[in-house]
Amino acid sequence: MNSKTLNSTLAFLGATLGMAVAPSMAQCLPAPPSLVEAGHLTVGTSLTAPPMGFMKDDTPSGFDPEFITAVAEKMCLKTKIVNVTFQGLFPGLIAKKFDVIASQIGITEPRKEMFDFVPVFVGGLRLVTQKNSGLKFQTESDVCGHAASIVAGSTQMAALERVKGDCPAGKPMTLKVFTNQSEALNEVAKGTVNVAYVDWPVAAYLIQQRPQDFVEASPVLSGKGPNTERNRNGIVIRKGETATQDAVAAAVKAAMSAGAYEGILKKWNLADGDVRKAN
């Protein structure tokens, strides 16, 4: 019996018995050569920002954990999710506590100097206020004269710090820094800040869930100034680990071709983040 006939026979038996048929080794794409735990892709993530990554019924849910699981399956690996704070992601990767990071990380020039990436999503930022605030912003400079909440070490923090020094006299910008986007948005709800600056999917999900409390107060911004492209978000890999980057990139391409990517985007109403349409 040749291999094609054997695979067909196994598929038939699996369907007949109501069993899932695991891919044969011949169908597995090459895995990274050095894994934290054999047989597993260990993934660092921060599960604090639905719909990109959060805990639902004690299970990691959202785009990041679900897509990286689809990617790992293409390499016949199980996924081990390690949930840490945003600030703990990069130190954890450098210390080899994870194989990769999948946590809506924007691909910026400073980060590219220290890490390698496989793009999987088109990011962007949005300012969010209380529904009845009446505040509107076209750029980060419009935050001058207001108090804003942000996440430490984030693209949003860098964007506001870049313009903060240029605020006119009498219109200072006050920044309150938190460990995750949920905490930053809670400050808006409590009225301790005027506005929160968060990732656009997080803003969209929040306003969908709580339309009586929050409103989008800006267009989707790049965080790099007017008339600039939005960052791609990517799976993060230690700098120079080319074999790992190549393996993950091939598995990402396979997961996209198989329809897993499109299905997860549709599930979480994230079609505007389809990185294939941005290239």
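Begin by selecting Thr 108, Glu 109, Pro 110, Arg 111, Ser 154, Thr 155, Ala 158, Ala 159, Arg 162, Gly 223, Lys 224 and Asn 231, which line the largest pocket. The model is predicted, so local features need pLDDT of at least 70 and side-chain atom pairs count only at pLDDT 80 or more, while totals for chains, interfaces and linings use all residues. Residues are numbered from 1 along each chain as its sequence is written, and side-chain values use heavy atoms, with hydrogens and water left out.

A pocket is an open set of points on a 1 Å grid over the protein atoms alone, with protein on both sides within 12 Å along at least five of seven lines; a cavity is a set where a 1.4 Å probe fits but cannot get out, and lining residues have an atom within 4 Å of a point. The largest pocket holds about 220 Å³ of space, a volume being the space filled by probe spheres set on the points, which are joined across faces, edges and corners. Colour α5 next, since the largest share of this lining, 4 residues, comes from α5; helices (H or I, at least four residues) and strands (E, at least two) are DSSP runs, numbered from the N terminus.

Now move to the largest cavity, with about 290 Å³ of space, and select Phe 86, Gln 104, Gln 156, Gln 181 and Asp 199, the closest to its centre among the 26 residues that line it. Show β2 (48–49), β6 (100–106), α5 (155–164) and α7 (200–209), each of which supplies at least two residues of this lining; β6 gives the most, with 4 residues.

For the second largest cavity, of about 70 Å³, select Phe 63, Asp 64, Ala 102, Val 120 and Ile 235, which lie nearest its centre among 13 lining residues. Elements giving two or more residues to this lining are α2 (63–74), β6, β7 (115–122) and β13 (232–238).

Finish at helix α9 (residues 260–267), where Tyr 261, Ile 264 and Leu 265 are buried, meaning under 20% relative accessible area, with exposed being over 50% and partly exposed in between (1.4 Å probe, protein chains only). These three sit on the same side of α9 because they cover an arc of only 100° around the axis, taken from the directions from the helix axis to the C-beta atoms. On the other side of α9, select Glu 262, Lys 266 and Lys 267, which are exposed. Lastly, click Asn 269, which follows α9 and has a positive phi, near 55°.
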